[in-house]
Amino acid sequence: MEQKKEGKTLTDVQLTRDTRNIAIGKVGVKDVSYPIVVMDKNKKFQNTIARINMYVDLPHHFKGTHMSRFVEILNKYREDIALDKLEVILSTMKEKLGASNAHLEMEFPYFVEKKAPVSRAKSLMEYTCTFSASLSDQFDFVLGIKVPVTSLCPCSKELSSYGAHNQRSIMTVQVRYSEFIWIEDLIDIIEECGSSPVYSLLKREDEKFVTERAYENPRFVEDMVREATVRLLSMGNITWFSVEAENFESIHKHSAYAAIERKKG
Ligand SMILES: Nc1nc2c(ncn2[C@@H]2O[C@H](COP(=O)(O)OP(=O)(O)OP(=O)(O)O)[C@@H](O)[C@H]2O)c(=O)[nH]1
């Protein structure tokens with residue numbers, strides 16, 4: 001759309017023709033901070049702030065996409081950017097940007113109240129979650145969660161006269177599902193897969209308990225992704241998943257890593 005500034009026409013450069021004959025798969029805005037609402041199993045909903053990426057495809061003949069429209073769309077839905085609005089946001093992106101597919105990625109902190117294992121002291125634990133949605137002819141949605149756990153090395157336990165190396169690990173799970181899954185439920189499942197869950201508040205009696213629990217429950221990085229796979233395969237509402245574990249080794253300068261991906265049916 002042509003506009004005028006100080007009597008001069010403001011050319012819409014983005015609409016000018018590109019002659020290189022190269023279509024672009026994903027173009028748009030990355031790392032936009034915006035408030036969103038996430039469904040919370042205990043409190044109904046939780047307000048948080050997401051880092052949002054929004055992309056569309058661009059046909060070969062256009063020079064550029066219209067970056068401002070992505071943020072205009074976010075602003076339009078600002079009162080309730082939530083899971084049940086993702087499809088309509090993607091559909092608006094396709095329409096306003098004349099695209100045939102649209103992608104929306106959100107990464108946000110999500111807080112869950114957790115009780116320490118012995119003292120039952122309450123605290124909030126932060127988990128990093130992701131929503132990855134896209135719309136071409138069909139809507140696709142992937143829920144992702146990063147769950148920190150403790151892992152204790154079975155080999156180190158076996159070989160050493162006392163002690164065993166242990167560390168904080170991050171398990172990353174991503175799922176596609178046919179029926180809604182609570183973030184809280186997925187966290188519970190993944191936390192069972194390490195040597196011990198991680199807490200934000202532990203009193204002395206809790207510290208003794210989690211140290212001994214991890215020692216009684218040694219896990220290799222391979223054990224962790226296998227344990228997660230057994231559990232995720234048994235959940236009928238999950239249609240696809242990927243699970244990764246990264247152990248930030250306390251005796252090495254590098255991490256140990258394992259990953260499994262499965263499509264069901
Ligand atoms: N396409 C594109 N735009 C960019 C880039 N970097 C900055 N922009 C700016 O993004 C701004 C917004 O572009 P548009 O959305 O087309 O703005 P507009 O023409 O006022 O909006 P519409 O009338 O809706 O098209 C422009 O000032 C661009 O220069 C880039 O790498 N690519």
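Visitor: How far from an oxygen atom of the ligand is the polar side-chain atom of His-66?

Guide: 2.8 Å. That counts as a polar contact, meaning a pair of N or O atoms within 3.5 Å. Bear in mind that this is a predicted model, where local features need pLDDT of at least 70 and side-chain atom pairs count only at pLDDT 80 or more, while totals for chains, interfaces and linings use all residues. Residues are numbered from 1 along each chain as its sequence is written, and side-chain values use heavy atoms, with hydrogens and water left out.

Visitor: Switching topic: what's the volume of the largest pocket?

Guide: About 450 Å³, the space filled by probe spheres set on the grid points. A pocket here is an open set of points on a 1 Å grid, with protein on both sides within 12 Å along at least five of seven lines. Lining residues have an atom within 4 Å of a point, and this pocket has 27 of them. Asn-53, Glu-105, Met-106, Thr-130 and Ser-132 lie nearest its centre.

Visitor: Which element gives the largest share of that lining?

Guide: β6, with six residues. Strands are DSSP runs of E, at least two residues long.

Visitor: How many cavities of 30 Å³ or more are there?

Guide: One, where a cavity is a set of points where a 1.4 Å probe fits but cannot get out. The largest cavity has a volume of about 70 Å³. Its lining has 10 nonpolar residues, no polar and no charged, including Leu-83, Phe-131 and Trp-182.

Visitor: How many aromatic pairs turn up?

Guide: Five, pairing meaning ring centres within 6.5 Å. Phe-108 and Phe-131 have ring centres 4.9 Å apart and planes at 70 degrees, so that pair is edge-to-face, a label for planes over 60 degrees apart. Phe-108 sits in β5 and Phe-131 in β6, 23 residues apart.

How values were computed. Polar contact = N/O pair within 3.5 Å; in protein donor to acceptor, adjacent residues only side chain to side chain. Helix = DSSP H or I, 4+ residues; strand = E, 2+ residues; numbered from the N terminus. Nonpolar A, V, L, I, M, F, W, Y, C, P; charged D, E, K, R; others polar. Phe/Tyr/Trp six-rings, centres within 6.5 Å; stacked < 30°, edge-to-face > 60°.
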